[in-house]
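Here's a quick briefing on a protein model, sorted by topic.

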Amino acid sequence: MTDTEIEITTDLVRDLLREQHPDLADLGIREVAGGWGNQMWRLGDELAVRMQRMDPTPEFQLNERRWLPVLAPRLPLPVPTPVRSGEPSARFPKHWTVMTWVPGDPLDCSSISRGDHAADALADFLGALHVEAPADAPVSGDRGGHPKECTAGFDRFFHAVVPDDLADDVRAVWDDAVAAPEWEGPPLWVHGDLHPANVVVSDGTLSGVIDFGDISAGDPAWDLAAAWVVLPAGAASRFFDAYERADAGTIRRARGLAAMKSLFLMLMGRNGDLGLPGGKPAWGPAGRAALDRVLRG
């Protein structure tokens with residue numbers, strides 16, 4: 001059995017806690033649906049165990065351990081904060097982390113009904129996050145750069161799932177993003193992976209942001225794509241008004257990246273419908289709705 005085939009069970013999680021953090025081992029443990037690179041288990045009422053699963057390296061968890069304690073205190077929405085580190089062992093040869101639990105329902109299993117409030121909340125959050133990153137901040141190989149660096153990925157998603165009747169319009173949005181000017185400011189902190197499964201909702205609005213494995217220094221357009229990928233129809237304009245710092249070129253890049261992210265969600269949804277590993281059936285409808293919002297501008 002390879003590492004990626006190790007079955008992560010309640011008994012395994014409890015055994016690991018007994019070995020490395022015995023004071024937490026008697027708390028209730030229950031699996032949390034979702035997750036791809038990592039599998040989540042609720043630990044008591046206030047904690048969660050994040051188990052490395054599909055991620056090929058521990059880099060993503062180590063980034064969260066290093067940087068979330070630095071960033072979390074100044075962010076206006078709750079985010080998971082590491083409280084204990086689990087190291088590879090004979091029982092489980094990968095990393096795992098005990099983190100604070102962020103209450104709410106993932107957006108791919110819920111909806112936003114208070115669009116204006118959510119737009120303001122997201123703008124406040126990203127305004128606080130998007131500050132100049134330090135020199136030792138991680139740099140992602142596939143996130144944070146100009147859209148022109150992602151043409152191969154876009155083309156792969158485009159040919160796999162774009163509806164025929166939308167192909168020309170989607171391609172036009174992407175081409176416009178590729179033609180947009182480069183980000184000229186310093187590399188900023190970016191979440192890098194804002195989509196419906198990585199934000200949580202309570203009372204019809206955003207109540208938290210999760211999964212910071214891709215936290216890195218780069219172009220804020222990667223996060224601003226959430227104006228279409230996360231927020232409901234009609235909320236993008238209010239979001240950009242509240243955010244205040246996005247020029248026309250950044251919005252063009254963000255819209256193109258939103259189109260790419262939408263196609264990725266659609267592909268993951270299709271894979272889920274086909275029962276393929278890592279597929280997420282709920283992501284398909286979320287991706288198609290996001291793509292419609294992108295095309296409406």
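C109 counts as exposed because its relative accessibility is 62%, where exposed means over 50% relative accessible area, buried under 20% and partly exposed in between (1.4 Å probe, protein chains only). Keep in mind that this is a predicted model, so local features need pLDDT of at least 70 and side-chain atom pairs count only at pLDDT 80 or more, while totals for chains, interfaces and linings use all residues. Residues are numbered from 1 along each chain as its sequence is written, and side-chain values use heavy atoms, with hydrogens and water left out.

**Cysteines**

- C150 has 13% relative accessibility, so this one counts as buried.
- How many disulfides does a search of the whole structure find? The search comes back with zero, taking a disulfide as a pair of cysteine sulfur atoms within 2.5 Å.

**Overall build**

- The protein has ten helices and ten strands; these are DSSP runs numbered from the N terminus, with helices being H or I of at least four residues and strands E of at least two.
- A compact globule of 297 residues would have a radius of gyration near 19 Å, and the protein agrees because it has 19 Å. The radius is taken over C-alpha atoms, and the globule rule is 2.2 Å times the number of residues to the power 0.38.
- Along its principal axes, the C-alpha trace spans about 55 × 40 × 35 Å.
- Of the 297 residues, 53% are buried.
- If you take contacts between residues at least 6 apart in sequence, 70% of them join residues at least 24 apart; contact here means heavy atoms within 4.5 Å.

**The β6-β8-β9 sheet**

- Three strands make an open sheet in the order β6-β8-β9, with antiparallel pairing; two strands pair if DSSP finds at least two bridges between them.
- At the edges sit β6 (105-106) and β9 (205-209), each pairing on one side only.
- Strand β8 (residues 199-202) runs antiparallel to β9, and four bridges join them. V199 stands opposite V209, while V200 has G208 as its bridge partner.
- β8 and β9 also form a hairpin with two residues between them, and D203 in that turn has a positive phi of about 55°.

- Leaving out residues up to four places away in sequence, G104 touches V200, V201, S202 and S207.
- G104 and L126 are 22 residues apart along the chain, and their C-alpha atoms are separated by 19 Å.

**Helix α1**

- In α1 (residues 10-20), the buried residues include L12, V13, R14, L16 and L17.
- The buried residues of α1 pack against β1 (29-32), β2, β3 and β5.

**Helix α2**

- α2 (residues 59-71) has 13 residues and reaches 18 Å from its first C-alpha to its last, close to the 18 Å expected at 1.5 Å a residue. The expected span is 1.5 Å times one less than the number of residues.
- Where does α2 bend? The bend is at R65, by about 30°, and a proline, P69, follows within four residues. The bend is the angle between axes fitted to the seven residues ending at a residue and the seven starting there.

**Helix α10**

- The 14 residues of α10 (residues 283-296) should span 20 Å, and the end C-alpha atoms agree because they are 20 Å apart.
- Buried residues of α10 include W283, L291, R293 and V294.
- These buried residues pack against α5 (167-179), α7 (226-229) and α9 (248-273).
- After α10 comes G297, with a positive phi near 85°.

- D211 has a positive phi near 55° and lies in the loop between β9 and β10 (216-218).
- E244 has a positive phi near 75° and is found in the loop between α8 (236-243) and α9. At 67% relative accessibility, E244 counts as exposed.
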